[in-house]
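This report describes selected surface patches and aromatic contacts. The sequence and the structure are shown first.

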Amino acid sequence: MTLPVKNMVFPMVVKNMVFPMVVLYILLANSCYIAAMKVKNSGFFFKNSSSFRSSHPIPLYPSLRECNIHGRKSKTVACDIQGTLLRSESFFPYFMLVAFEGGSIFRAFFLLLSSPLLLVLDYELKLRVMIFITFCGLRLMDMDSVGRAVLPKFFLENLNVHVYEVLISAGSKVVFTSVPRLMVEGFLKEYLSVDCVKGTELHTVGSYFTGLVSSSGILIKHRAINEFFGEKKPDIGIGTSSFLDRPFISLCRQAYVVNKEETTSSVLPREKYPKPVVFHDGRLVFLPTPLATLTMFMWLPIGILLAIVRVFIGIYLPYNITIFLCTLSGMKLRLKGTDPLTSENGKGVLYVCTHRTLLDPLFLCTSLGKPLTAVTYSLSKMAEILAPIKTVRLTRSRNKDAEAMKRFLSEGDLVVCPEGTTCREPYLLRFSSLFAELADEIVPVAMNTNVSMFYGTTASGLKCLDPIFFLMNPRPSYTVEILGKVPKELTCAGGKSSHEVANYIQRQLAAALGFECTNLTRRDKYLMLAGNEGVVDDQ
């Protein structure tokens with residue numbers, strides 16, 4: 001008797017579910033066994049401290065501090081980036097940055113959920129799992145964007161200064177790593193002038209990653225160094241004291257190890273960066289370790305609700321009440337200096353501000369307790385509609401923009417950000433000189449912000465969400481410092497050119513903030529971070 005089709009469906013489903021579960025169980029059991037043997041062999045369960053100490057072998061290689069960095073220009077250095085060039089041994093935060101910034105919040109959440117599982121997997125299987133979750137279905141262009149605009153900042157902040165000094169002292173530099181080459185190659189070549197990077201290659205189909213490694217598999221460092229150098233050994237090899245690095249550095253003429261005790265005090269100061277990080281993108285302020293990422297996801301519902309409340313307060317309530325309620329919500333607004341009460345020539349006062357977020361004009365209005373008209377070189381239609389103050393979008397036509405600004409100055413006070421775009425780091429971009437031609441009463445205003453979780457700016461994302469991300473921070477702060485009117489003899493009315501006035505005000509604001517002046521422009525920023533010239537769509 002023939003069974004109905006519907007009665008055969010359930011056994012087939014059970015069969016299809018059971019087989020993958022059995023395979024997964026075997027993999028997990030094998031990984032747990034390997035992890036248990038590693039823990040056992042390391043002496044972790046010995047309660048007697050002398051027994052524990054005797055289980056650790058005497059270091060086979062000298063500490064990196066003993067390496068002489070002088071006279072190495074003809075030498076070749078080989079090292080890894082994970083746990084060597086970078087102080088942190090775990091590469092999870094950098095996979096999380098790719099998942100969150102290049103993928104989506106859902107991909108990042110799934111990677112976070114896998115973190116307990118990663119604790120019991122062996123190294124290779126752990127790496128394969130992180131690669132699959134992070135890269136499966138990800139576009140190549142998204143990885144390129146994250147590698148160029150997001151990761152370098154976090155890599156520089158985590159560089160081991162001792163390894164860095166040895167590396168830059170050498171004439172030839174080669175990095176071997178088991179992490180995906182695409183994640184680190186751009187940074188290593190652009191910032192550290194590494195000659196060659198050998199890493200794990202990822203499998204792609206068209207313009208997408210499959211989440212699998214290529215047919216060559218996970219890169220094995222000692223095999224790769226043999227294939228690359230052959231019989232000619234590199235002069236210096238740098239690794240960790242881990243047994244996994246011993247075969248690698250043993251193939252070098254001189255081998256040095258980076259000890260864990262040395263990593264905590266080996267932070268590379270910003271002034272020693274190989275090149276300044278003026279521009280970077282991405283929403284996350286912090287390095288997303290598993291604990292930090294978990295904290296972020298727990299905060300998200302509260303942060304979204306808090307941002308909505310703060311937006312409502314800023315749009316609908318008077319300035320004095322806004323300051324009080326925003327302070328209660330955790331925001332900090334600090335005002336320095338005094339505002340000139342009236343204009344001497346009957347026209348409006350032109351406030352010239354540094355540009356940190358799209359909210360700069362709003363916080364200036366709130367601090368001064370009076371409405372201002374804000375002009376901007378780029379404003380999304382959504383932000384223009386929701387703005388609680390009058391906004392004017394400039395056209396980038398010098399004559400048309402000059403006419404519009406003159407008209408609004410005759411009607412009242414005006415605020416302009418002559419950098420033309422935001423900058424997160426302690427640098428000021430080149431000031432447009434247009435504003436100096438239009439007003440004799442100019443008041444420079446030094447604006448600065450501080451956030452701990454999300455950046456309120458983006459070059460490649462949705463700019464209409466920038467204020468929301470800023471307001472989602474637990475305790476965001478704004479500092480508004482009014483420097484006073486520019487003396488008339490230093491304006492165009494006093495015989496100065498518009499460029500001289502713009503450069504003078506830029507230097508004045510930089511000195512007040514402790515920032516550095518640059519000649520970089522909005523166009524430079526967007527070409528580097530987003531691959532375009534920064535024209536905002538009506539989104």
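This is a predicted model: local features need pLDDT of at least 70, side-chain atom pairs count only at pLDDT 80 or more; totals for chains, interfaces and linings use all residues.

## Positive surface patch

A patch of positive charge on the surface is formed by K332, R334, K336 and R475.

The relative accessibility of R334 is 48%, so R334 is classed as partly exposed; the exposed class requires over 50%.

## Nonpolar surface patch

The surface also carries a nonpolar patch, made up of F109, F110 and L113. Together these residues have about 310 Å² of accessible area. F110 is located in helix α5, spanning residues 105–113.

## Aromatic pairs

Across the whole structure, a search finds 17 aromatic pairs. One of them is formed by Y94 and F155, with 4.9 Å centre to centre and 40° between the planes. This geometry is tilted, because the tilted class takes the angles left between stacked, under 30 degrees, and edge-to-face, over 60.

The pair of Y94 and F155 links distant parts of the chain, the two residues being 61 residues apart. Y94 lies in helix α4 (residues 92–103), and F155 lies in helix α9 (residues 151–157).

## Burial and the aromatic cluster

Are Y94 and F155 buried or exposed? Y94 has a relative accessibility of 0% and therefore counts as buried. F155 is likewise buried, because its relative accessible area is 0%; the limit for this class is under 20%.

Both residues belong to one aromatic cluster, which consists of F91, Y94, F95, F155, F187 and Y191.

Technical notes
Residues are numbered from 1 along each chain as its sequence is written. Side-chain values use heavy atoms; hydrogens and water are left out. Patches are made of residues with over 30% relative accessible area and no salt bridge: like charges are joined within 9 Å, nonpolar side chains (Val, Leu, Ile, Met, Phe, Trp, Tyr) within 5 Å. Accessible areas come from the Shrake-Rupley method with a 1.4 Å probe; for residues, only the protein chains shown count as cover. A salt bridge is a side-chain nitrogen of Lys or Arg within 4 Å of a carboxyl oxygen of Asp or Glu. Lys and Arg count as positive and Asp and Glu as negative; His and the chain ends are not counted. The place of a charge is taken as NZ of Lys, CZ of Arg, CG of Asp or CD of Glu. Buried means under 20% relative accessible area, exposed over 50%, partly exposed in between (1.4 Å probe, protein chains only). Rings of Phe, Tyr and Trp (its six-membered ring) pair if their centres lie within 6.5 Å; planes under 30 degrees apart count as stacked, over 60 as edge-to-face and the rest as tilted. Helices (H or I, at least four residues) and strands (E, at least two) are DSSP runs, numbered from the N terminus.
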